[in-house]
Amino acid sequence: MKGLRGVWLRVHRWLALSAGWILIFSGLSGAALVVTPALDRWANPQLFQARSDLAPGQAGVTLESVLRSARQEFGEGANLVFRPARAPGETLEVRVRGGWRGTLYLDPATGAEQGRRGETEGAANVLFKLHSALYLDSTGKAILAWVALAYLFLLITGLILWWPRHWAKGWNIALDRGLLRSLFDLHRVGGATLGLLIAVSVATGAYMAWRPLGAAVTWLSGAAPVKAPKLPAVAASAVAGQPLTLDQLAEKAVSQFQEPAPIGYIVVPPHAGAPTRFRMMLGDDPHPNGMTSVWIDPRTADVLAVQRWNTLDPGARATAVVYPLHTGELGGVALETAVAVGGLTLGGLGISGVWLWWRRRAVKLATAKARSR
């Protein structure tokens with residue numbers, strides 16, 4: 001039994017020393033991201049608070065005029081994502097992916113630009129890109145998925161090493177027997193008590209970061225993936241008339257539902273080479289940005305597909321719960337606090353584990369050196 005314990009200890013130790021550095025950063029950055037959006041809005045009111053007040057029922061700037069202005073500046077090849085103001089006093093955001101990549105912040109009443117920020121500008125953006133992809137795009141997301149798997153092995157081996165013969169002693173934390181012993185007890189008890197909470201955050205983060213995981217869930221369920229529709233071939237005469245404006249397309253998207261359905265995002269593809277996507281925020285959708293999509297042909301204004309969030313394939317449908325579970329938005333302040341505590345604990349477990357290994361290694365080297373004299 002002691003020999004097997006030694007194997008588990010080596011597996012736990014070397015997994016921690018190899019993948020632990022990324023886990024430490026992921027935990028601490030994830031905890032910081034719980035409060036970073038609110039701090040960002042507080043520190044940059046010129047970006048997030050509209051200068052003009054819209055009275056109830058008062059029409060603001062048209063989406064079509066904003067679209068034309070953006071196309072004039074960034075060209076037809078840019079991908080544009082509109083985030084309409086969701087509450088009084090918020091700005092209208094336009095995310096640009098083209099020669100310039102970043103976000104415009106506009107007054108929803110007048111369309112006047114209040115500021116802009118590149119996707120790598122600002123502490124909040126930098127922290128998010130590091131946390132979500134290690135600044136390595138798809139490669140970083142794949143790395144994070146494998147590191148999440150390593151954490152599950154760390155959790156299993158850690159629980160095996162901690163599992164007490166006498167349960168009362170398994171929860172003891174000796175704070176009066178030196179720093180090394182105190183950190184050791186905090187490390188093992190903290191990992192045992194909060195390990196599953198951390199596992200939820202790590203697993204949901206990996207699920208969102210690496211798309212093949214969602215595809216695997218759909219494949220295992222035997223369901224067919226729900227795909228975005230493609231633009232059909234149409235005769236020139238069908239698009240010869242005056243096209244509907246983006247505002248009219250938005251009204252058409254909203255009219256597809258009997259219940260109130262605010263628009264979360266509008267995805268306008270480059271060169272009108274794909275359907276315009278309206279992400280709708282239905283009342284029963286747990287995703288804070290809405291997972292229901294209405295796809296409209298921008299040439300003919302035909303509705304090509306209406307995909308409710310609860311009719312998507314299992315892999316995609318799971319995102320509606322996985323995303324707010326990972327960020328804590330699913331459970332309000334209580335879950336957000338739990339997510340932050342879990343992130344801080346993950347960072348603390350990693351740091352304490354590395355320090356314990358280093359100190360014990362130093363003690364062993366010092367003892368061996370003393371014996372050799």
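Is Arg 116 buried, partly exposed or exposed, and what is its relative accessibility? Arg 116 counts as partly exposed, at 33% relative accessibility. Here "buried" stands for under 20% relative accessible area, "exposed" for over 50% and "partly exposed" for anything in between, with a 1.4 Å probe and protein chains only.

## What you are looking at

This is a predicted model, so local features need pLDDT of at least 70 and side-chain atom pairs count only at pLDDT 80 or more, while totals for chains, interfaces and linings use all residues. Residues are numbered from 1 along each chain as its sequence is written, and side-chain values use heavy atoms, with hydrogens and water left out.

The protein chain has 373 residues, and buried ones make up 39% of them. Its secondary structure comes to 12 helices and 8 strands; these are DSSP runs numbered from the N terminus, with helices being H or I of at least four residues and strands E of at least two. Taken along the principal axes, the C-alpha atoms fill a box of roughly 90 × 50 × 40 Å.

## Salt bridges

Side chains of opposite charge can pair when their charged atoms come close. The rule used here wants a side-chain nitrogen of Lys or Arg within 4 Å of a carboxyl oxygen of Asp or Glu, and the count comes to 13 salt bridges. Back to Arg 116: its side chain meets that of Glu 113 in a salt bridge, at 2.8 Å from N to O. Glu 113 is partly exposed too, with a relative accessible area of 35%. Salt bridges with shared partners join Glu 73, Glu 113 and Arg 116 into one network.

Arg 97 and Glu 119 make another pair, at 4.0 Å from N to O. Arg 97 sits in strand β2 (residues 92-97) and Glu 119 in the loop between β4 (113-118) and α4, so this pair ties together parts that are 22 residues apart in sequence. Arg 97 is partly exposed at 29% relative accessibility, and Glu 119 is partly exposed at 23%. Then there's Arg 68 with Glu 64, where the closest N and O atoms are 3.3 Å apart. These two are separated by about one helical turn because they are 4 residues apart in helix α3 (residues 63-74). Arg 68 is exposed, at 55% relative accessible area, whereas Glu 64 is buried, at 15%.

## The second largest pocket

Rolling a probe the size of a water molecule over the atoms shows where empty space is left. A pocket here is an open set of points on a 1 Å grid over the protein atoms alone, where a 1.4 Å probe fits, with protein on both sides within 12 Å along at least five of seven lines; lining residues have an atom within 4 Å of a point. The second largest pocket has a volume of about 1,500 Å³, a volume being the space filled by probe spheres set on the points, which are joined across faces, edges and corners.

Its lining takes in 42 residues, and Arg 5, Leu 9, Leu 161, Trp 162 and Phe 184 lie nearest the centre. Helix α1 gives the most to this lining, with 11 residues. By class, the lining has 23 nonpolar, 10 polar and 9 charged residues.

Most residues other than glycine have a negative phi. Leu 134, which follows α4, has a positive one near 55 degrees. Tyr 135 also has a positive phi, near 65 degrees, and is found in the loop between α4 (123-133) and α5. Its relative accessible area is 36%, so Tyr 135 is partly exposed.

Phi of Ala 272 is positive as well, near 50 degrees. Ala 272 is in the loop between β5 (263-268) and β6 (276-280), and it counts as partly exposed at 37% relative accessibility.

Note on methods: Ala, Val, Leu, Ile, Met, Phe, Trp, Tyr, Cys and Pro count as nonpolar, Asp, Glu, Lys and Arg as charged, and the others, Gly among them, as polar.
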